[in-house]
Amino acid sequence: MKTFMVERYGDKAGVRAGELPDPQVGDDDVLVRIHAASVNPLDLKLRDGDFKAFLPYRLPLILGNDLAGVVVQAGSSVTRFEVGDEVYARPDKDRIGTFAELIAVHQDDVAIKPATLTMEEASSLPLVALTSWQALVDRAQVQPGQKVLIHAGSGGVGTIAIQLAKQLGAHVATTASTAKIDLVKELGADVVVDYKHQAFETVLHGYDVVLDTLGGETLEKSLQVLKPGGKVIGIAGPPDPAFARELGANAILRLAMSALSFKIRRRAKRRNVTYSFLFMKASGDQLRELTPLIEAGKIRPVVDRVFPFAETREAMEYVEKGHAKAGKVVVAMT
């Protein structure tokens, strides 16, 4: 099968098109012919080897972390899907590889594609929608009337998180550039801080939850907008001890992760708020929870541009250079 894979870490030129054997299909797997996959910042970090300490992939590694396509084979123990089903998924972190013609995915990680979406639209959703769900529903347990700040509201996660937070009944603020204000308001943001002209930490106060997609100074300043007992959930790092335990990391790696997040956790504690790091997980069940909201138009995908499969490297470069105006960049296989 045709793929785009990384042969060596830390080098853009290390990503190339190539042929690899078709995937082996386990008893609980479905083999999906991929019609579209989306590009995520995670793909760039994996290409550069940023996560090789705790995600030790064997090279060459097929990149790509979410997909939409059609089931072409079902394992002997598969009960949820049949050949011909249109599906979407974020494969498990140990089984990524959606920049390819085919992928074998465990049935628990797959859901039927929303009927209202094209393959390209559906492929843009799994990773960012699951991230939003796991941050706002599982981790923050957002309740109606709570105040939620979502950074980078026009980004892949931001566009979906704003819509989900509104469905949960939250009052939603977001940060965006001047050109993106109308878009994030259309998605449901109640308050928009133009980060080019305003410092969000000086105008927002008393928030229950912050979803931080940027890290660095933005994460540190986010502590200032939370009320006592508030939560900041970061998806851009740094990793924390809970994540290390979840990974089953060895003692040295646990210590390293603890050290990386020590400063932000200490600052949060001093303010009587909490910081936690989220590395989202594959979940077909959660995609099935999201699908009715998508089919009802309450959560809609935002697709910036679709590249042909042969231009996967160009699509990654487009994302890396920040050319996407809003939402996701998609690679179409067919």
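Author: Let us start with the terms for helices and strands. Helices are DSSP runs of H or I with at least four residues, strands are runs of E with at least two, and both are numbered from the N terminus. The model is predicted. With those terms, A152 is placed in the loop between β9 (147-150) and α4 (156-167).

Reader: What is the phi of A152, and is the residue buried or exposed, or something in between?

Author: Phi of A152 is near 55°, which is a positive value in a residue other than glycine. For exposure, the cut-offs are under 20% relative accessible area for buried and over 50% for exposed, with partly exposed in between. A152 has 24% relative accessibility and therefore counts as partly exposed.

Reader: Which other residue has a positive phi although it is not a glycine, and where is it found?

Author: N272 has a positive phi of about 60° and is not a glycine. N272 is found in the loop between α9 (251-270) and β14 (274-277). A glycine with a positive phi can be seen as well: G49, which follows α1, has a phi near 80°.

Reader: How should I read the chain as a whole? How many helices and strands does the chain have?

Author: The chain has 11 helices and 16 strands. To judge the overall form, one compares the radius of gyration with that of a compact globule. For 334 residues such a globule would have a radius near 20 Å, and the chain, with 19 Å, agrees with this. The C-alpha trace spans about 55 × 45 × 40 Å along its principal axes.

Reader: What share of the residues is buried, and what share of the contacts joins residues 24 or more positions apart?

Author: Of the 334 residues in the chain, 54% are buried. Among contacts with a separation of 6 or more, 70% are between residues 24 or more positions apart. As for the surface, the accessible area of the chain is about 14,400 Å², and carbon and sulfur atoms account for 49% of that area.

Reader: How do the axes of α1 and α11 cross?

Author: The two axes come within 10 Å of each other and cross at roughly 105°. Angles from 65 to 115 degrees count as roughly perpendicular, so α1 is roughly perpendicular to α11. On the α1 side the contact is made by D43, L44 and R47, and on the α11 side by M316, V319 and E320. By class, this contact of α1 with α11 has three nonpolar, no polar and three charged residues.

Reader: Which peptide bonds are cis, and where do their prolines lie?

Author: P60 lies in the loop between α1 and β4 (61-62). Another cis bond runs from G237 to P238, where omega is near 5°. P238 is in the loop between β13 (226-234) and α8 (241-247).

Reader: How does one describe the surroundings of one residue, for instance V157, and what does V157 touch?

Author: V157 is in helix α4 and, at 12% relative accessibility, counts as buried. Residues up to four places away in sequence aside, V157 touches V128, T131, S132, L211, T213 and I235. The C-alpha atoms of V157 and D212 are 10.0 Å apart, although 55 residues separate them along the chain.

Note on methods: Residues numbered from 1 in each chain as written. Predicted model: local features only at pLDDT ≥ 70, side-chain atom pairs only at ≥ 80, totals over all residues. Heavy atoms only, no water. Axes fitted to C-alpha atoms, helices over the stretch in contact; angles between N-to-C directions. Parallel < 35°, antiparallel > 145°, perpendicular 65-115°, else oblique. Contact = heavy atoms within 4.5 Å. Nonpolar A, V, L, I, M, F, W, Y, C, P; charged D, E, K, R; others polar. Rg over C-alpha atoms; globule rule 2.2 N^0.38 Å. Buried < 20%, exposed > 50% of the residue type's maximum accessible area, 1.4 Å probe, protein only. Areas by Shrake-Rupley, 256 points an atom, 1.4 Å probe, with all protein chains shown as cover.
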